[in-house]
Amino acid sequence: MKIALAGCETDEACAVLMAAKAPSILSSYFYAAFRSRTRLQRYALGPSPLWRALLRQASFRLIDSGAFTLLTAVMGNLKSSEGAEQGRDIDYDRYLAGYIDWLRSVAACGLADYWVEVDIGAIVGSQWLDRQRALVACAGLGSRLINVWHSYHDWDYWLYLLRAAAQPGRSSYVAIEG
């Protein structure tokens with residue numbers, strides 16, 4: 001089992017983790033790729049040079065999609081019915097396309113070992129998740145994609161994810177929410 005340190009997207013956090021020689025890093029696409037946590041404004045040159053240096057130094061790098069952060073940034077309170085309606089208005093296809101493009105550049109630089117799917121099945125449904133996985137695979141990124149099982153899924157879906165992860169060209173990993 002590997003324990004990865006998260007919250008490394010600011011230059012201050014990067015400096016601390018680099019000094020500590022943190023071996024395993026968990027970084028968020030949402031925080032690393034976007035300047036604002038409430039609006040989807042990209043950095044002109046992508047993540048900071050210090051962030052790139054930290055990921056080069058680490059021996060294990062995991063990238064999270066930041067989907068839950070996106071939802072909370074847009075919706076504010078996930079428990080309100082008004083927030084759930086706002087969550088349906090997000091252009092998830094656009095977010096996924098940006099994530100795939102960003103993963104391609106991060107992978108090309110050797111800055112990530114694995115990445116987590118955009119796990120928003122409760123909002124968009126399992127068909128969108130299956131289509132997302134296919135798009136990631138078509139982009140040449142499927143062998144390092146980690147699918148996520150959530151407690152609202154049944155046991156059969158857990159078995160489906162395990163069988164899918166065992167297929168050639170897949171990462172062999174399935175994450176459990178939390």
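Two strands are taken to pair if DSSP finds at least two bridges between them. Helices (H or I, at least four residues) and strands (E, at least two) are DSSP runs, numbered from the N terminus. The model is predicted: local features need pLDDT of at least 70, side-chain atom pairs count only at pLDDT 80 or more, and totals for chains, interfaces and linings use all residues. Residues are numbered from 1 along each chain as its sequence is written, and side-chain values use heavy atoms, with hydrogens and water left out.

- Five strands form an open sheet: the 5 strands follow the order 1-2-3-4-5, with parallel pairing.
- Strand 1 (24-28) and strand 5 (174-176) are the edge strands, each with a single partner strand, so one side of each has no neighbour in the sheet.
- From one strand to the next, the twist averages 30°; angles run from 0 to 180 degrees between N-to-C directions, and axes are lines fitted to C-alpha atoms, for helices over the stretch in contact.
- Strand 3 (residues 114-116) and strand 4 (residues 145-149) run parallel and are joined by 2 bridges.
- Within this pairing, V116 stands opposite I146 in strand 4.
- Helix 9 (residues 155-165) packs on the sheet and touches strand 4 and strand 5, where contact means heavy atoms within 4.5 Å.
- The direction of helix 9 makes about 145° with that of strand 5.

**Helix 1 with helix 3**

- Helix 1 (residues 11-19) packs against helix 3 (residues 49-57) at an angle of about 30°, and their axes are 9 Å apart.
- That angle makes helix 1 roughly parallel to helix 3; angles under 35 degrees count as roughly parallel, over 145 as roughly antiparallel, 65 to 115 as roughly perpendicular and the rest as oblique.
- The crossing of helix 1 past helix 3 is left-handed: a crossing is left-handed if the near helix is turned anticlockwise from the far one by less than a right angle, and right-handed if clockwise.
- From helix 1, D11, C14, A15, L17 and M18 meet L50, W51, A53, L54 and Q57 of helix 3.
- This contact of helix 1 with helix 3 comprises 8 nonpolar, 1 polar and 1 charged residues; Ala, Val, Leu, Ile, Met, Phe, Trp, Tyr, Cys and Pro count as nonpolar, Asp, Glu, Lys and Arg as charged, and the others, Gly among them, as polar.

**Helix 8 and its partners**

- Helix 8 (residues 126-138) and helix 9 pack at about 5°, with their axes 14 Å apart.
- Helix 8 is therefore roughly parallel to helix 9.
- L129, D130 and R133 of helix 8 make the contact with Y157, Y160 and L161 of helix 9.
- The contact of helix 8 with helix 9 has 4 nonpolar, no polar and 2 charged residues.
- Helix 6 and helix 8 pack at an angle of about 25°, with axes 11 Å apart, which means that helix 6 is roughly parallel to helix 8.
- Helix 6 passes helix 8 in a right-handed crossing.
- Y92, D93, L96 and I100 of helix 6 meet W128, R131, Q132, L135 and V136 of helix 8.
- By class, the contact of helix 6 with helix 8 divides into 6 nonpolar, 1 polar and 2 charged residues.

**Aromatic pairs**

- Rings of Phe, Tyr and Trp (its six-membered ring) pair if their centres lie within 6.5 Å; planes under 30 degrees apart count as stacked, over 60 as edge-to-face and the rest as tilted.
- By this rule there are 10 aromatic pairs.
- Y29 and Y99 form a tilted pair, 5.0 Å centre to centre with 45° between the planes.
- Y29 lies in helix 2 (residues 29-33) and Y99 in helix 6 (residues 92-108), so this pair ties together parts that are 70 residues apart in sequence.
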